[in-house]
Amino acid sequence: MEGVFAVVLAGGRGERLWPLARAQRPKALVRLGDKTLLQATLERLDAMGFSPERTLVVGGARFAAAMSEEAPAAHLVLEPDAGDTARAIALAALVALRLSDNPVLAVIPSDHVVRDPAPVAAAMRAAIDVARADRLLVAFGTPPLSPSTSYGWLRPAADNAGGCARLAEYVEKPDADQARVMYASGYLWNCGSFVFLARVLVQAFERFQPAILAAARAIDAGRAPPAAPSLSIDHAILEPATRAGLCAVAPARYDRVDVGRLEGFASLLAADAAGNTIGGDALALESERCVLHSSDATIAALGVSDLLVFAERDVVLVCRRDHADLRRLLAELASRRRADLL
């Protein structure tokens, strides 16, 4: 991976993984077994040939000590506040351009579990070749497993560029009807990994989101950032750049689990004969298809079904498995001035 920097996104508010992730504990530092998600990601990058010296870990400045302990040899790229993935990746591009003449960025989320990194590495090499040769912004697409409304969807064009297809359409989190049509029409899931030539990415920010780039430049220079939209890289760059014909998609087939959401986290737990998944000190009687996970108190479930129950020291979440959009709940806690729980 000569001349390539791995960019690990280790910030975010962790709203989809609450109460395991909090404002004071980003999801990258949530433990899965004996490792944090960040540690597991760095181990995967090592297996793919990325050295720590070529790894940029982007996260909040207030978590610098904890991230440094988890990633002692990596470059920490610190943000003063949460600015979403567009600003984080723009900042990483600026840092990489100071460290190398013409770097490529391989952007990797820290909230995925990948059991076999070999297919990812193969797709990464193809994407790097295309990014360098054709100066395209490359997203990774995996075959969809369902008509999910939780992911972005990618439509490859008929042509291809070095094994990667031109990206003809990008749809971020469609409604249910759209998702069913795309599921049957050859679209791919956006899996949150990207390859960008750093200079080309900066040019895309200059064209489509100059305010976000200005904020990233201020942070890189040690200044307070000016006001800028808080947008994902998908909305800020991928959508307009796709319409402008500047993107490609690298098809990739590999087994990944998005553990940045409670259902994904729960899918890694062992299920009993009734479909209940148990983590920590919990038991389920006459219950089915429940997820019970305790970091502290004992959970005892009797005669219930299709529930998510996550118990922490100071809060217990109980919700239906089909009703796990936590943003409304967190907004209500904030309105009640329960910042201690966020």
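User: Which residue in E11 stands opposite Val 104?

Analyst: A strand is a DSSP run marked E of at least two residues, a helix a run marked H or I of at least four, both numbered from the N terminus. Two strands pair if DSSP finds at least two bridges between them. Here, Val 104 stands opposite Leu 197 in E11. This belongs to the pairing of E6 with strand E11 (residues 188-197), where 4 bridges join the two strands in the antiparallel sense. The model is a predicted one, in which local features require pLDDT of at least 70 and side-chain atom pairs pLDDT of 80 or more, while totals for chains, interfaces and linings use all residues. Residues are numbered from 1 along each chain as its sequence is written, and side-chain values use heavy atoms, without hydrogens and water.

User: Which strand do 6 bridges join to E6?

Analyst: That strand is E1 (residues 4-9), which runs parallel to E6. In this pairing, Pro 109 of E6 is the bridge partner of Leu 9.

User: How many residues of E6 are buried?

Analyst: A residue is buried under 20% relative accessible area and exposed over 50%, with partly exposed in between, for a 1.4 Å probe and protein chains only. In E6, 6 of its 6 residues are buried, and the strand is mostly covered. In a regular strand, side chains alternate between the two faces of the sheet. Both faces of E6 are covered: one side carries Val 104, Ala 106 and Ile 108, the other Leu 105, Val 107 and Pro 109, and all of these are buried.

User: Which face of E19 is covered, and which is uncovered?

Analyst: Leu 317 and Cys 319 make up the covered face of E19, whereas Val 316, Val 318 and Arg 320 lie on the uncovered one. E19 pairs with strand E18 (residues 307-311) in the antiparallel sense over 5 bridges. A hairpin of 4 residues joins E18 to E19. Within this pairing, Leu 317 in E19 has Phe 310 opposite.

User: In what order do the 4 strands of the open sheet stand?

Analyst: The order is E14-E16-E18-E19, and the pairing in this open sheet is mixed. Strand E14 (277-279) and strand E19 (316-320) are at the edges with a single partner strand each, so one side of each has no neighbour in the sheet. E14 pairs in the parallel sense with strand E16 (residues 291-294), over 3 bridges.

User: Why is helix H8 described as largely enclosed?

Analyst: Helix H8 (residues 233-243) is largely enclosed by the rest of the structure because 9 of its 11 residues are buried. The buried residues include Ile 233, Asp 234, Leu 238, Glu 239 and Pro 240. After H8 comes Gly 245, which has a positive phi, near 75 degrees.

User: How many aromatic pairs does a search of the whole structure find?

Analyst: Rings of Phe, Tyr and Trp (its six-membered ring) pair if their centres lie within 6.5 Å; planes under 30 degrees apart are stacked, over 60 edge-to-face, and the rest tilted. The search finds 2 aromatic pairs. Trp 153 and Trp 189 form an edge-to-face pair, with 6.2 Å centre to centre and 80 degrees between the planes. This pair links distant parts of the chain, 36 residues apart: Trp 153 is in strand E9 (residues 152-161) and Trp 189 in strand E11. Trp 153 and Trp 189 are both buried. Phe 194 and Phe 196 form a stacked pair, with 5.6 Å centre to centre and 10 degrees between the planes. Phe 194 and Phe 196 are buried as well.

User: Which residues line the largest cavity?

Analyst: On a 1 Å grid over the protein atoms alone, a cavity is a set of points where a 1.4 Å probe fits but cannot get out; a pocket is an open set with protein on both sides within 12 Å along at least five of seven lines, and lining residues have an atom within 4 Å of a point. Points are joined across faces, edges and corners, and a volume is the space filled by probe spheres set on them. The count here is 1 cavity of 30 Å³ or more, and the largest cavity holds about 70 Å³ of space. Its lining residues are Arg 44, Ile 108, Pro 109, His 112, Val 114, Val 120, Ser 193, Tyr 254 and Arg 256. Strand E6 (104-109) and strand E7 (112-114) each supply at least two residues of this lining.

User: Which residues lie nearest the centre of the second largest pocket?

Analyst: Of the 15 residues lining the second largest pocket, Leu 145, Tyr 151, Trp 189, Arg 256 and Val 257 lie nearest its centre. The volume of this pocket is about 300 Å³. Strand E13 (residues 256-258) gives the most to the lining, with 3 residues.
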